[in-house]
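Hi everyone, thanks for coming. Let me put the structure up on the screen, and then we'll walk through it piece by piece.

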Amino acid sequence: MFNNNKGYIMKKYVYVGLIAYWLFLIIGTVNTYADEPISKSYREAVMKYITLNEGYENMVYADTKGNKTVGIGHKVNDTYSIGEYVNDETIMDWFVNDINVAIKCATKFHLSTNNNVNIVLTDMAFNLGCSGLNKFKLLKKHLINGNYVMARKAIKYSYYYKQVKNRANRNIALINK
């Protein structure tokens, strides 16, 4: 029991260390995405939040839908086998790219003055893809109108909520802040 806790704690330190290292490396790239009205602190918050929701795994595994996945929620193609090891550098390269895609999608969907809302939308874009996020028409309407109560309900009464209940509840709670 003690060894499992120690391993869990060590794995958490590895996650935090990897994120800190890669944030240090990409700080200079923030201006590269100047068409996106985001700050370094927002990018850091998004990366931490998505890592919390996705976890970190070096071995390729099948996600809940059977997609081959590795790292921080990155889908891989059939050239990878279940159980195959992928190094941290490759995982973080993919993660930075996936984050940039999700941020761009989320800011096109709706850019809020509330950073928590932007983090939730980026998390949803990361998880569902742009096409999945764009199906949330009521959510967008409520966010545009500043009606966060109804925006939370739009998430809670969606198919997305049924698929990833814990994650959706974290997102609903974050909109509350």
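Okay, let's begin with a bond between two sulfurs: Cys-105 is joined to Cys-130 by a disulfide, with 2.2 Å from S to S. Keep in mind that this is a predicted model.

Cys-130 comes out at 37%, which makes Cys-130 partly exposed.

Now for the sheet. Strands of a sheet pair through backbone hydrogen bonds, either parallel or antiparallel. Here we have an open sheet of three strands in the order 1-2-3, and the pairing is antiparallel. Strand 1 (57–62) and strand 3 (74–75) are the edge strands, each pairing on one side only.

Let's follow the chain through it. Strand 1 is joined to strand 2 by three bridges, and Ala-62 stands opposite Lys-68 in strand 2. These two strands make a hairpin with five residues between them, and in that turn Gly-66 has a positive phi of about 90°. Then strand 2, residues 68–71, pairs with strand 3 over two bridges, antiparallel again. Val-70 has His-74 in strand 3 as its bridge partner.

On to the inside. In soluble globular proteins, nonpolar side chains tend to be buried together. In this model, the largest nonpolar core has 42 residues, and those touching the most other members are Phe-95, Ile-99, Leu-121, Met-124, Leu-139 and Ile-155. Which helix gives the most to this core? That's helix 3, with eleven residues. Helices 2, 4, 5, 6, 7 and 8 are among those that each supply at least two.

Leaving aside neighbours within four places in sequence, Phe-95 is in contact with Met-47, Ile-50, Thr-51, Ile-72 and Phe-126.

Last stop: helix 8, residues 165–176. At 1.5 Å a residue, its twelve residues should span 16 Å, and the end C-alpha atoms are 16 Å apart, which agrees. Its buried residues are Arg-167, Ala-168, Asn-171, Ile-172, Leu-174 and Ile-175. Look down the axis of helix 8 and those buried residues fall within an arc of 160°, so they line one face of the helix. What do they pack against? The answer is helix 2 (40–54), helix 4, helix 6 (148–156) and helix 7 (159–163).

Conventions: Residues are numbered from 1 along each chain as its sequence is written. This is a predicted model: local features need pLDDT of at least 70, side-chain atom pairs count only at pLDDT 80 or more; totals for chains, interfaces and linings use all residues. Side-chain values use heavy atoms; hydrogens and water are left out. A disulfide is a pair of cysteine sulfur atoms within 2.5 Å. Buried means under 20% relative accessible area, exposed over 50%, partly exposed in between (1.4 Å probe, protein chains only). Helices (H or I, at least four residues) and strands (E, at least two) are DSSP runs, numbered from the N terminus. The expected span of a helix is 1.5 Å times one less than its number of residues. The arc is that of the directions from the helix axis to the C-beta atoms. Contact means heavy atoms within 4.5 Å. Two strands pair if DSSP finds at least two bridges between them. A nonpolar core is a set of buried Ala, Val, Leu, Ile, Met, Phe, Trp, Tyr and Cys residues joined through side-chain atoms within 4.5 Å.
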